[in-house]
Amino acid sequence: MRRSVILGTGSALPARRVSNAELSETVDTSDEWIVERTGIRFRHIAGEGETTSTLATDAARAALAAAGIDAGAIDLIVLATATPDQTFPATATLVQAALGIPDCVAFDVAAVCSGFLYAVQVADSMIRAGAANRALVIGAETFSRILDWQDRATCVLFGDGAGAIVLEGQAGPENGILSTRLHADGRHNGLLYVDGGPSTTQTVGHVRMKGREVFRHAVVNLATVMGEALAAAGLTAADVDWVVPHQANARILDATARKLDLAPEKVIVTVDRHANTSAASVPLALDTAVRDGRIQRGDLLVLEAMGGGFTWGAAVVRY
Ligand code: COA
């Protein structure tokens, strides 16, 4: 059986790190409120010259180095983002050019915070179908550029960053992507969206969210889709070594783990340092835990995310 194996991971953050205290100098909020409601303490904010594509390229370079392969060996780039450098062309092609890859397949996936899970399923399907051999799968965002900095209910929640993995198709490995499950329910557009776009307002718009309703849906959807992905791989929550979740809110992470009867120590948490980096958050958390030595080769991982649309998904991976 042909499977997609993670050869390496990488990530990148903007240089500027902003604390809750610093934010509260310009936004009517407090460190206490943000920590208590979300678990967030810091976020990184892109500065001049830092864009979604530059962060994505840095994360991709780190993943390629960890994988021990040259950029020229990549034949597919799937990049998940809701904050592309340009409306078109795809940010994936900017990364391709920056990495000096003369020819490959390169495109973006738009599924907001679950974009990385969507990108993983697309790349995995192409690899298993023989349409690609080595893929860069990237989640990269500069949400700071679509936040309404007057809206304290949203602007304190998000940050910028990028994460990447290198996938390789191998015949009959023990490890690799074992299953993926994706969902969308477009009826919930009004709960989490951007109030602009090229075809409507000709502006990029700002993030709008009904936080409480999103929270409610997130816990149910994430627990359900993790159960589905595990069942598809013939496994249960008891087999899981690490959950690598979308980092939106520490309370969502706790509630979801409880629903699946998973020990909180098995959940990788980076929301305190990165805040919600949308499509970047899962690969950023994955790379963090690989580099700090928690995630080891052979461990069973469940990746999960939910975002605007709503869209949500999970992947079961033997690392
Ligand atoms: N600082 C201080 N007070 C704030 C604030 C901030 N940054 N943001 C909102 N508030 C206030 C509100 O104005 C409200 O005040 P009021 O009661 O006087 O009207 C109060 O805090 C409670 O607001 P509410 O929105 O009901 O809080 P909450 O407990 O639901 O927490 C979220 C808000 C956003 C933290 C929470 O709903 C959440 O995390 N939702 C999920 C969001 C998410 O994960 N989205 C991404 C999915 S991809």
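**Group meeting talk: salt bridges and the domain boundary**

Let me begin with Asp28, which at 59% relative accessibility counts as exposed, where exposed means over 50% relative accessible area, buried under 20%, and partly exposed in between, with a 1.4 Å probe and protein chains only. Please keep in mind that this is a predicted model, in which local features need pLDDT of at least 70 and side-chain atom pairs count only at pLDDT 80 or more, while totals for chains, interfaces and linings use all residues. Residues are numbered from 1 along each chain as its sequence is written, and side-chain values use heavy atoms, with hydrogens and water left out.

Asp28 forms a salt bridge with Arg152, the closest N and O atoms being 3.4 Å apart; by salt bridge I mean a side-chain nitrogen of Lys or Arg within 4 Å of a carboxyl oxygen of Asp or Glu. This pair links distant parts of the chain, 124 residues apart, with Arg152 in helix H6 and Asp28 in the loop between helix H1 (20–23) and H2; helices (H or I, at least four residues) and strands (E, at least two) are DSSP runs, numbered from the N terminus. Arg152 itself is partly exposed, at 47% relative accessibility.

By this rule the count comes to ten salt bridges. One of them joins Arg291 to Asp287, with the closest N and O atoms 2.7 Å apart, and both residues lie in helix H10 (residues 281–291), four residues apart, about one turn of the helix. Arg291 is exposed, with a relative accessible area of 51%, whereas Asp287 is buried, at 2%.

Now to the domains, whose bounds come from an automatic or database domain assignment: domain 1 covers 2–171 and domain 2 covers 176–318. Their C-alpha centres lie 14 Å apart, and 55 residues of domain 1 are in contact, meaning heavy atoms within 4.5 Å, with 52 residues of domain 2.

How many salt bridges are there between domain 1 and domain 2? The count is two. Arg208, in strand E10 (residues 207–209), pairs with Asp148, in the loop between E6 and H6, 60 residues apart, and the closest N and O atoms of that salt bridge are 3.0 Å apart. Asp148 is buried, with a relative accessible area of 16%. The side chain of Arg208 also meets that of Asp151 in a salt bridge (4.0 Å, N to O), and Asp148, Asp151, Asp195 and Arg208 are linked in a network of salt bridges.
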